[in-house]
Amino acid sequence: YIWDVCLKNNIALTWNNNNENNSIYEKIKENDIIVFYLVGSGYCAILKVIGKLKNINDKYIDLFTESKKKTDVDREWWKKYMIKIPVVFLAKVNKREECINKPQNYNLTWTSGLRGSRCMKPKNKNWFEQVMYIYDKLNI
C-alpha cells in the first residue's frame, strides 16, 4: 500500500529514528540518482531526486496511513521520524513483490542491503554493471 502511494505521488520515504540519520539532509541533493532498496524485498526503483528532503506532514500522513485509526502520538512519530524525498521514478516495479534480488545466474559480485537512511555507498567494483542489470529488469 505504501509503495502505491509513493508511485502515485512521486515520493520516496526514509526514516530518521532518534536523529541517527540527520546527515541524510546534507548527503542527498537535487539531481542525485538513487537505486532504491526495500529491506526484505530487494531493489525496487531507480530514482532521481527533484527537490529538498522534508519531514512528512499531515497531508502525506493521511495518504500513508489510515489516519482515522492513528492516534496523535502515532501522527507525531511520523512527523518526527519520516522523511519525504521528492523524486521522479526513472525505473520501477509496480508491486513490491517484483523487487529484484540477486538472480541465480548473475556471475558478478552482488551488493544488497544498502540502507538508504544511512546513505550507504556500495564498495562493489561491479556496482555499475549491477545497476544496469537492475535498470534492464525494472524496465521490462
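Student: Is Ile 50 buried, partly exposed or exposed?
Tutor: In this predicted model, Ile 50 counts as partly exposed because its relative accessibility is 41%; buried means under 20% relative accessible area, exposed over 50%, and partly exposed in between, with a 1.4 Å probe and protein chains only.

Student: Where is Ile 50 placed?
Tutor: Ile 50 is in the loop between strand E3 (42-49) and strand E4 (54-55). Strands (E, at least two residues) and helices (H or I, at least four) are DSSP runs, numbered from the N terminus.

Student: Turning to Arg 75, which helix holds it?
Tutor: Arg 75 is found in helix H4 (residues 72-81).

Student: Is Arg 75 buried or exposed?
Tutor: Arg 75 is buried, with a relative accessible area of 12%.

Student: What does its side chain make a polar contact with?
Tutor: The Arg 75 side chain contacts the side chain of Asp 58 at 3.0 Å. A polar contact is a pair of N or O atoms within 3.5 Å; within protein, one must be able to donate a hydrogen and the other to accept it, and residues adjacent in sequence count only if both atoms are side-chain atoms.

Student: And strand E2, how many of its residues are buried?
Tutor: Five of the six residues in E2 (residues 33-38) are buried, which leaves the strand mostly covered.

Definitions and conventions: Residues are numbered from 1 along each chain as its sequence is written. This is a predicted model: local features need pLDDT of at least 70, side-chain atom pairs count only at pLDDT 80 or more; totals for chains, interfaces and linings use all residues. Side-chain values use heavy atoms; hydrogens and water are left out.
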